[in-house]
Amino acid sequence: GTPKGPEGDPVPNITPDSDPAGAVNASFQAWQNIPTAAISFAPLAMTSEGSVQGSVANLVTFADTQANRDVVGGALAVTRISFNLASPYNTITRTDIAFNPAYKFSTTLAAGTFDIQSVCTHEIGHALGADHSGILEATMFQATGAAQSHQRNLAPDDMAWATMLYPKAEAAGEPNPAVVGRRRSTC
């Protein structure tokens with residue numbers, strides 16, 4: 001059926017044949033499945049919250065609110081991160097991901113839409129603390145196009161970063177993933 005928001009209303013910027021909850025779950029799973037990294041997330045739960053302003057949960061939202069429009073500006077999606085600056089490592093305490101209500105999203109790669117799973121996997125990288133990558137094939141590359149899904153799958157560059165920042169204790173003796181790929185040039 002048609003994707004519904006927390007209040008049961010259709011989400012107009014998601015194609016009716018899409019599964020946004022499945023795509024968001026798969027995005028979190030991609031980061032959790034890195035064999036050399038210790039990353040885990042709480043299960044996805046639906047909420048009536050739709051705006052990043054005043055959110056008390058770690059929120060992923062497609063809601064068309066003024067606060068969400070203000071946060072995303074012209075980007076496809078934005079991750080807002082809250083830190084505990086008093087902690088020794090500036091611990092991330094909360095993250096919210098807002099998809100831009102001005103863009104059309106899908107999970108079917110429909111023409112003119114952006115892939116929910118690709119965009120969400122990228123934004124979760126930011127929620128974990130990653131910056132953009134210069135590697136074209138990386139999930140954390142700063143751009144994507146309509147109907148493209150390659151950023152659903154983490155590249156060696158993404159996995160190497162995650163392993164460096166969140167290493168598994170038992171991975172200490174194992175080789176870490178290598179950074180591979182092409183850099184984009186403006187020349």
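Predicted model: local features only at pLDDT ≥ 70, side-chain atom pairs only at ≥ 80, totals over all residues.

I started with what covers the buried residues of H3: the list includes H1, S2, S3, strand S4 (105-106), strand S5 (114-115) and H4. Contact here means heavy atoms within 4.5 Å. Buried means under 20% relative accessible area, exposed over 50%, and partly exposed in between (1.4 Å probe, protein chains only). Helices (H or I, at least four residues) and strands (E, at least two) are DSSP runs numbered from the N terminus.

Residues are numbered from 1 along each chain as its sequence is written, and side-chain values use heavy atoms, with hydrogens and water left out.

**H3 itself**

How many of the twelve residues of H3 are buried? I get twelve of twelve, among them Cys-120, His-122 and His-126. The helix reaches 16 Å from first C-alpha to last, close to the 16 Å expected at 1.5 Å a residue; the expected span is 1.5 Å times one less than the number of residues. Just after H3, I found Gly-129 with a positive phi of about 110°.

Glu-123 made me stop. It lies in H3 (residues 116-127) and is buried without a salt bridge, the nearest side chain of opposite charge being Arg-80, 11 Å away. For charges, Lys and Arg count as positive and Asp and Glu as negative; His and the chain ends are not counted. A salt bridge is a side-chain nitrogen of Lys or Arg within 4 Å of a carboxyl oxygen of Asp or Glu. Leaving aside neighbours within four places in sequence, Glu-123 is in contact with Ala-77, Val-78, Thr-79 and Ile-97.

**The sheet**

I traced three strands in an open sheet, ordered S1-S3-S2, with mixed pairing. Strand S1 (59-61) and S2 are the edges, each pairing on one side only. The twist averages 15° from one strand to the next. H3 packs on this sheet, touching S2 and S3, and its direction makes about 20° with that of S2. Axes are lines fitted to C-alpha atoms, for helices over the stretch in contact, and angles run from 0 to 180 degrees between N-to-C directions.

S2 (residues 77-84) and S3 (residues 91-99) pair antiparallel over eight bridges; strands pair if DSSP finds at least two bridges between them. I checked two partners: Ala-77 bridges to Phe-99, and Phe-83 to Ile-92. Six residues sit between the strands of this hairpin, where Asn-90 takes a positive phi near 50°.

**Phe-105**

Phe-105 is in strand S4, and counts as buried because its relative accessible area is 0%. Its C-alpha is 4.8 Å from that of Ile-14, 91 residues apart along the chain. Its contacts beyond four places in sequence include Leu-76, Phe-99, Ile-116 and Val-119.

**Salt bridges**

I count three by the rule above. Arg-152 and Asp-115 meet at 2.7 Å, N to O, linking the loop between H3 and H4 to strand S5, 37 residues apart. Arg-152 is partly exposed at 22% relative accessibility, whereas Asp-115 is buried at 2%. Asp-96 and Arg-94 have their closest N and O atoms 2.7 Å apart, and both are buried. Asp-64 and Arg-69 meet at 2.6 Å; Arg-69 is partly exposed at 33%.
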